[in-house]
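Entries follow in the order of looking.

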Amino acid sequence: MVEVPKLAEEISELRHSALNHLWMHNRDWVKTGEAGGPDIVVDGNGINVTDIDGKTWIDVNGGYSSVNSGYGRKEIADAARAQMEQMQYFPQGTTTAPLVKLAEKIASLAPGDLQRSWPVSGGSEANETALKIAKSYHKRLGNNGRYKIISRKGSYHGATGGVMWLGGGGSSRSDYEPAVPGMVYAPQPNRYRCEFDGQTDEECAILCAEAVESLILFHGPETIAAFIAEPVSASSLAAVPGNPYWPMIRDICDKYGILLIADEVITGFGRTGKMFALEHWGIVPDIMTVAKGITSSYLPLAATVSTNRISDVFAGEQNLFRQALTFGGHPVCAASALANIEIIESEKLVNNAASTGLYLMNKLKELREKHPIIGDVRGLGLLLGLELVKNRDTKENFTPESGMSNRLNQEFRSNGLILFATDKGVSLSPPLCINPSEVDVIIEGIHKSLSNVEKEFSIV
Amino acid sequence: MVLTNEGEQLRRKSLEFLWMQNRDWVSMAEEGDPLIIEGGKGLRVTDSQGNSWIDVNGGYNSVNIGYGRTEIASAAYDQMVRMPYFPQSTTTVPTIQLAKKLAEITPGDLSRSFPVSGGSEANETALKIARAYHRRRNDNKRYKVVSRKGSYHGTTGGVLWLGSNPASPRGDFEPEYPGMLYGPQPNSYRCELGGTTPSECAYRCAKAIEQLILDNDPDTIAALIAEPIAVPLGSPVPGEEYWPMLRDICDRYGIVLIADEVICGFGRTGKMFASEHWGVVPDIMTVAKGIISSYLPLAATVVSERIASQFAGEENYLRHVFTSSGHPVSAAAALKNIEIIEKENLVDNAARVGEYFKNQLMELKENHKIIGDVRGLGLLLSIELVSDRRTKMGFPKELKVAERLNQKFRENGLIFRVGSEILNIGPPLCITTSEVDEIVSVLDRSLGELSTEVHLK
C-alpha cells in the first residue's frame, strides 16, 4: 500500500520528488516550484477532493470532464479487485468475460446500429483507431483516393501523432510540425462567434454545415475519408450547434460517401443530459468514440464503436484490420467500466445531468446579469462554458499579457474551486452526481472570483 | 459443445460485439475461437472450458511477473478506494513515487517521467518531446525521425509509420507521416549489407545510419528511435559495436536518441533495461508492458535532464495532455510490480533461465534442419524457420506453415500464435527450467511433425 505521508518534512520531500522527476500537464516544474510545488490530492468523495495538506476542494472541472460518477465509488474498486484477483490481463485474440459483457453493453446503449467495439485505453487511441478504420474502409471498397479528414477549427480530438492535427488552431501544436497530410478544417458552429455572422443558432448552424459541403466540393468528395466532430465541442467552451446542424451534416456525409465520426469522448455517458449527445438530434454516426465517462476515469479505457455497415467490410481473414495495442480490451478496466455504467444507470445520473445542468445553466445566466465580463453562457447538460470578454459590444477577449486568467485562477483557488480559466473563458464539467445546493456553492465562488477580477481589470 | 454454457454464450457474443486484434470474427467463428480466459497463475492460464494453457508469449511479452499476483490487486484496490483518479495538472502520491522510482532504476541521467497509458502513447510523446526540444533551441529545421526496417513502435498516427514489418503492411493508412527515414536492422542472420558476423553487420548497419543522416541533411533530423533488440523479425541481438556507435552518431549530429524499451525493459533481456548490456544511456527512454506486467495500462516516457531542462520556465512548457496520464491506480500497481521484480530477482532469473532456454533451443536446432536460426537475449528469444539452411529460404504460402504450427501448439496446450516463420518467445520472467523443458518438448514434437509434413528431413 502506498502510504500518504503525514509529517511536514515527508510531504515536502514528496513535493520535491514531483518537481524533480515528474512531467506534469500544462505547467513547467520551475513555475510549479515557485508556486509552492504541485497540489497532491489524496482523497475524494462525490464532487469533492482533499489534498495532502487537508484542504478540501470542489472539482468543478470533474477531472478533465471525466469523473461522471464522482469520487469515492467503492463499488468500482470492488469490481476491479475481483477481476484482477481472478484474471489480470490477457491480450486480445483470446478474450475475457468482462470485456465481452462491456462490448455487449455498449452496443445496447449506443444509438442505432453502432454495434462492434474496438477497445483501447484512451480517447486519443480511440480517435486514431476511428481514422484508421475510416481510411481502411474506403480502401477495402476500392475507393483508394479517400484519405483526407475534415475536422472543425476549435475542436480537440487527442494528443497522438494523427489526431493531434485535427481541430485546434493557433500555435498550440507548432512545436510538432509538419502536420500529417490531408487535414481539412471546417468552421465551428458557435453562434457567439459565427465565422459567417449567423445571428441565431439556427442561422449559424446552417451556414457552418453548408460550409462543410463547400469544402468537400472544393477538395473533391472522392478524396475525403471522414468528417470527425464532437456533438458539442468542449474545447470551444461548449458551443452547442443549432438544431439544423447535425441532421445536415449526416445528410452531407451520406450524399458524398463520407464517414461520420462522432467523438463522444467528453459528451458520452450522460455528460450532456442524454447517454450520448447525438441523441439530442436523433443522429446515428458511422463510428462513435468513447472514453472518459465510460469508466469515470477510475481506470484507463476507451472504445471505437462501429456500425455493422463499416465493420462488415473487415470480416474474413484477408480483410483483417491491422492494428494491435497491448492494453486494448483490458479485463480489469472493462470490469470497472461495467460497474461505473451500472452506477450511471441505477442512480439516473443522465437525468440528473439534464436537470441539475439546467439549474446550473440558469444560475450562470443570472451571473451574466451581474458580471459584464461574462460575454456568453452556453452548453448542454453538465458541459457548460462561460466566455469572458473585455467588452460585451466588441466581444474582445483578454490577451495572455493581460494576466487576467492567472488572476482568475488564483481567485478560484482561494475559493476552493478546481476550475481553470483561460483568457477565452471557463469550462464547467463537474461529476454528474452534483446536486443543486452544491451548484449554489460553486456559483457563489465564481461570483466572488469574477467580482474581484472585474474590479481589478475595471470591467464595467 | 453445449450452447447454454456461459462460456459458449460469451464466445458467441464476442463474435457479435467485439473487434479483436489480429483476427477477424468470421475466421474466428470457423475455428471455434476465441478462447475465453478466466484465470491464471505463473505462466499458465485457464479458459472457460477448464483447459489449462502455457502462455509462451507472456501476453505480448508483457506479463513479466506472471499471472495471479493478488498483491497487485490489493495495491490497486487500496489506491482506488482512496483516490481513484486525478488529472496530471495536480498529482497524487503513487504517481510521484513511481516517477522517483523510475529515475532511480533507469540508466544515467534519465530522470523525468511523462506518464501515459501505453507504448504507442509513450513513443508519440517521445517524438513530440524530441521535435519540441529542437524548436526550443531554435533548431527549427529538425523534424525527421530515423527508425529501422523490421522495428515496431506502436499503432497511433505518428508512430505507426516508424519501422516496418512485411507481415503487417500499412498501405491501408496512407499517406504516411512526413519525415520518416528508414535504416537497416542489424540482424546478422540476414544482414542487408552482407555482414557475416554480428560485429561486421553491426558496424555496417550503424555506418549506414550515419550515411542516411548525411544524405538527408543532419540539420533536419530530430531523432533516432530504436529498440535495443527489435522483436517483429525475431529478436536479432546487435553486435557489441552497434549501440555505442549509434550513441556517437547521434551526439555527432545533434540527434536525440530514443530507446524504445517497451518490450525490453523491466528485466526481459536479463538486465533491468536492455540498453545496459552495452552501457549506453539514451536521451529518452520509453517503457510500458513490463513496468506493470500489464495488470493495468501504464507506460512512461523517461527523459534525461539535458532534454527536459529545455522545457523549464513558464513559456517553455510542453503542450501535451492525456486524460489518463499518471493514473494513480496504475501507478500504485506498477510500484508493487517493480517491487516483485526486485524482491524475487526476476531480472537475474530472466538472464539465467533465458540462457538455459536458449541452449535448449540451440540443441533443438541440432536436431531440426527446419530451424535456420536461434537468437535473442534473456527471455526474449526467437526461432527462425527455413526450408533450406543454405539459401535461408522460407516456405511457400500454400504450405501454411504458420497455420500448421498454430494448430499443433494449440493441441499441445501452448498459447503461442505465430504469424510467419518467425517464432517469438517471451514468457513471464518467473518461468522455471522445468517449464522451459515442457515448452521445448512441445516445440521439438511440433517441429518434427511439421518437418515431415513439409517433407523436410
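**Overall shape**

I checked chain A against the globule rule (2.2 Å times the number of residues to the power 0.38, over C-alpha atoms). A compact globule of 460 residues would have a radius of gyration near 23 Å, and chain A, at 22 Å, agrees. The model is predicted: local features need pLDDT of at least 70, side-chain atom pairs count only at pLDDT 80 or more, and totals for chains, interfaces and linings use all residues. Residues are numbered from 1 along each chain as its sequence is written, chains are lettered from A and ligands numbered from 1 in the order written, and side-chain values use heavy atoms, without hydrogens and water.

I boxed the C-alpha atoms of chain A along the principal axes and got roughly 60 × 60 × 45 Å.

**Burial and contacts**

I looked up burial (under 20% relative accessible area, 1.4 Å probe, protein chains only). In chain A, 64% of the 460 residues are buried. I then took contacts (heavy atoms within 4.5 Å). Of those in chain A between residues at least 6 apart in sequence, 72% join residues at least 24 apart.

**One sheet**

I counted 13 helices and 14 strands in chain A, as DSSP runs (helices H or I, at least four residues; strands E, at least two). I followed one open sheet of 4 strands in chain A, ordered E1-E2-E3-E13, with mixed pairing. E1 (41–45) and E13 (417–418) of chain A are at the edges with a single partner strand each, so one side of each lacks a neighbour in the sheet. Pairing needs at least two DSSP bridges. E1(A) and E2 (48–51) of chain A have 4, antiparallel. I noted that Gly44(A) has Val49(A) in E2(A) as its bridge partner.

Definitions and conventions
Buried means under 20% relative accessible area, exposed over 50%, partly exposed in between (1.4 Å probe, protein chains only).
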